Amino acid sequence: MAKNNNKKRPSSTVIFIFGGSGDLNQRKLTPALYNLFLDGFMPDNFAIVGTGRTEYSDDKFRKHLLDGINDFSRRKDDKSGSWEKFAPNVSYLRMDADKAEDYKGIAKIIQDLEAAWGEHPSVLFYLAVAPQLVPDIATNLHKLKLCKDKASSRIIVEKPFGHDLKSAQELNSLLTSLFEENQIYRIDHYLGKETVQNILALRFANALFEPIWNRNYIDHVQITAAETVGVEDRGGYYEQAGALRDMVQNHILQVLCMVAMEAPVSFEANEIRNKKSDVLNAIRKIKKTEVQKYAVRGQYAAGWMKGAKVKSYREEKGVAPESTIDTFAAVKFYIDNWRWQDVPFYVRTGKYLMEKTTLITIQFKEAPKYAFPPEASETWRANRLTISIQPEMDIRLRFQAKRPGQTMSLNPVDMVFSYNDNYDEPQPEAYETLLLDAMMGNATQFMRDDQVETAWEVIMPILETWESRPPVDFPNYAPGTWGPEDAEALIAKDGRTWVTLPPKKKD
Ligand SMILES: NC(=O)C1=CN([C@@H]2O[C@H](COP(=O)(O)OP(=O)(O)OC[C@H]3O[C@@H](n4cnc5c(N)ncnc54)[C@H](OP(=O)(O)O)[C@@H]3O)[C@@H](O)[C@H]2O)C=CC1
Ligand SMILES: O=C1O[C@H](COP(=O)(O)O)[C@@H](O)[C@H](O)[C@H]1O
């Protein structure tokens, strides 16, 4: 999806961004809305209102956002006059989210827009703020009846959704007491990624894969979400999170659901969510006494990344000198259902790893080898499908081929589908897709309350065990590696290895 060819657009919409003065809005949200505008997806009547306690005039705020577009967006201001058309729709409302009386400013803006547009607009409240502020904002929005129109008002809640199962349940019960479930959009930006959405197309729009997508043919599945950055300036947040909370509870388990779910009968929001919930419910809960067998944690030491010296996690700003927070996590999950019984799902994620890559590997079982001479191949587990989510966007099907020559010698080769080679249009950013969905009232790619809670249930035994038994070996991996040695052992003891993509060939 790039330019809007079918011209299906949302109706008049006003978006209030709590945390308008914050990092997420400048880097991701406004750039996404601007790209939607450039591609013709914004409604004729729209308004974007950033809120925060910082002082900004409308012009200063617009300039701050334009800087964000030029620094972070996939498209900069090309000086064609588009920004000048977009900018008048953007304004800033200085308010304290804790103060109920400040919400009157929001009511006034909606009233004025209604009068100017001659219709009641859809109203989106995007909560791009620290999680502690969410209950206050939700309560105040409710108190001032700003979401009373259940069909046209929505609240988008950023991650992290809770700190653990209990706090997620509390937050869910608060939100669902104030709003209808279909007004609550719990965002997970991985679900907006083009390559993640394509998993459903690959699996269910082809007759080829589904018959072999099960325990009879699949040996195991891997999901790697590796980053080459450290915690950057988010040490304060990360100290309350760690890799398991930050990446596994949400993004990785959501991707795992896309790989493991049953075929939906429609793309209706609840149908997809039900199928994902079934997967989450079927994930085997790891016993606390067995956490060591199934999960590995790590924390980066000081070292070198791409020729530059980097600090250890414990030296980062906002991080305790003896911190026991995990910057790396790897887990072996099992899904106890008919399709996946006994098929391990290995997942790993971490900061300061060797490569920036998010990769799903479907490793098929061995082919029977009796017909070939023993020396024909080094590997009989050659068949695998790798789905590169980012930064490469491709799908590779690996199979054995006969090496040219007079002997029957086999070697694995890849059949590659690459987004860049097949499509001219640039891929939309995840936030573009998700913001458009939210404006259109399509909650399919957002998480329902039970999904979030079940995902917490899955990781709670690991979290609680880790928290009750501080690690003795932290920091335990060097920047630029694939994490702690125990993560290699986690998979090697099952006779398998982590898969990475071959380095890109230079032109
Ligand atoms: N940044 C990112 O890349 C990502 C962020 N997120 C999530 O998004 C949320 C926001 O993150 P981020 O933008 O980085 O955080 P920032 O710290 O940059 O921004 C926080 C925002 O909250 C506002 N705020 C804080 N207190 C109040 C208050 N009492 N009343 C009104 N506004 C208030 C601040 O405005 P002011 O100071 O002007 O009052 C600021 O706009 C977090 O939950 C984070 O986990 C999720 C994924 C990625
Ligand atoms: O939500 C988060 O995601 C980013 C990684 O996102 P990606 O789209 O770049 O893969 C991660 O860096 C951050 O810690 C986490 O909060």
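I looked up residues 17-198 and found their end C-alpha atoms 29 Å apart, with 43% helix and 15% strand in the span (helices are DSSP runs of H or I of at least four residues, strands runs of E of at least two, numbered from the N terminus). UniProt, in an unreviewed entry, places the feature "domain: Glucose-6-phosphate dehydrogenase NAD-binding" there; such annotations may be inferred rather than shown by experiment.

I noted that this is a predicted model, where local features need pLDDT of at least 70, side-chain atom pairs count only at 80 or more, and totals for chains, interfaces and linings use all residues. Residues are numbered from 1 along each chain as its sequence is written, while chains are lettered from A and ligands numbered from 1 in the order in which they are written.

Next I checked ligand 1. Of the 22 residues around ligand 1, G22, G52, R53, T54 and A97 come nearest (a residue counts as near if its C-beta atom, placed from the backbone, lies within 6 Å). Helix α1 gives the most to this shell, with three residues.

Then I turned to the sheet. I found eight strands in an open, mixed sheet, in the order β8-β11-β12-β7-β13-β14-β15-β16 (two strands pair if DSSP finds at least two bridges between them). β8 (295-298) and β16 (410-418) stand at the edges with a single partner strand each, so one side of each has no neighbour in the sheet. I saw that β8 runs antiparallel to β11 (residues 328-334), joined by four bridges. G298 has F328 in β11 as its bridge partner.
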